[in-house]
Amino acid sequence: MNDRPVAAAPDTTALLLETESLDQFLQALAHSALALVEGADGCGVTLERKGRPVTVSGVGASATKLDEAQYGQDDGPCLQAMRTGLEVSVPDTLRESRWGGYPAYAAACGARSSLSLPIAPHSHTAGALNLYAPLPNAFENADLTRLRLLAAQATGAIALAQRIADTEEFAADLEAALRSRTVIDQAVGVVVGQQRVTPERAFEVLRTASQHRNVKLRVLCAELIASITGEKPPEATIRPRD
């Protein structure tokens, strides 16, 4: 039996403020959930991303492996919890008849019982908190009040963390695009000076050259600036995703 002392349920808002990224927050969430159940030895956090379930954080040797086994057959307790918004308990994997060959695989991996709690059900950030234990009926007499509270609080916190991550990603993309545009504008100015043409015509000249050379316009412009100044523009080192 695990002799780890059972912790109090953490404030997920505090966890969010104390971590620097969504991934760090989810890792802290998994550790916090594991600390709430004395008999558990593994915890995975599943979130649905681009229509597919992904274990975004895992604590314990078998948690990620057990989650991914369920994804492989597109069925299992964590997926059922995520899709239905209901808790799914597995008292003993050796006596479980649901989900095809998954229970036998879980038992072979040393997981005799599990509990999956839904996170943000029926939303674009739907997921599940999945706990695994080496003994059967490990969650039967456990006080799950704090664990359920953690999962409920995580619903709002994950949605907020995802929004923050999306905003930061958008800001980075915008900054990269603006820096790329600066390089292009500099190159247009060079062509205007060299060929005595309008900025519109200079842009067409550069675009045609990039097409003929089969290179991106920003790369061509960076090369042009570098050929004149002898230095690669700092803007060219940050490239937006295509």
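Is Ser-210 buried or exposed? With a relative accessibility of 7%, Ser-210 falls under the 20% cut-off, so Ser-210 counts as buried. Keep in mind that this is a predicted model.

**Around Ser-210**

Ser-210 belongs to helix 7, which covers residues 199–213. A polar atom of the Ser-210 side chain sits 2.7 Å from the backbone oxygen of Arg-207. Leaving aside residues up to four places away in sequence, Ser-210 touches Val-215, Lys-216, Leu-217 and Leu-220.

**Cysteines**

If you're wondering about disulfides, a search of the whole structure turns up zero. Cys-43 is buried, at 0% relative accessibility, whereas Cys-109 is partly exposed, with a relative accessible area of 24%. Here are the residues with their accessibility values:

| Residue | Relative accessibility | Class |
|---|---|---|
| Cys-43 | 0% | buried |
| Ser-210 | 7% | buried |
| Cys-109 | 24% | partly exposed |

For the protein chain, the mean pLDDT comes out at 81, and 79% of the residues get to 70 or more. Element by element, strand 3 (residues 88–90) has the highest mean pLDDT, 97, while helix 1 (residues 12–18) has the lowest, 64. Over residues 1–9 the pLDDT is below 50, though the model still gives this stretch 25 contacts beyond near neighbours in sequence. Residues 235–242 also stay under 50, and there the model has 19 contacts beyond four places in sequence.

Terms used
Residues numbered from 1 in each chain as written. Predicted model: local features only at pLDDT ≥ 70, side-chain atom pairs only at ≥ 80, totals over all residues. Heavy atoms only, no water. pLDDT = per-residue confidence, 0-100. Helix = DSSP H or I, 4+ residues; strand = E, 2+ residues; numbered from the N terminus. Contact = heavy atoms within 4.5 Å. Disulfide = S-S within 2.5 Å. Buried < 20%, exposed > 50% of the residue type's maximum accessible area, 1.4 Å probe, protein only. Polar contact = N/O pair within 3.5 Å; in protein donor to acceptor, adjacent residues only side chain to side chain.
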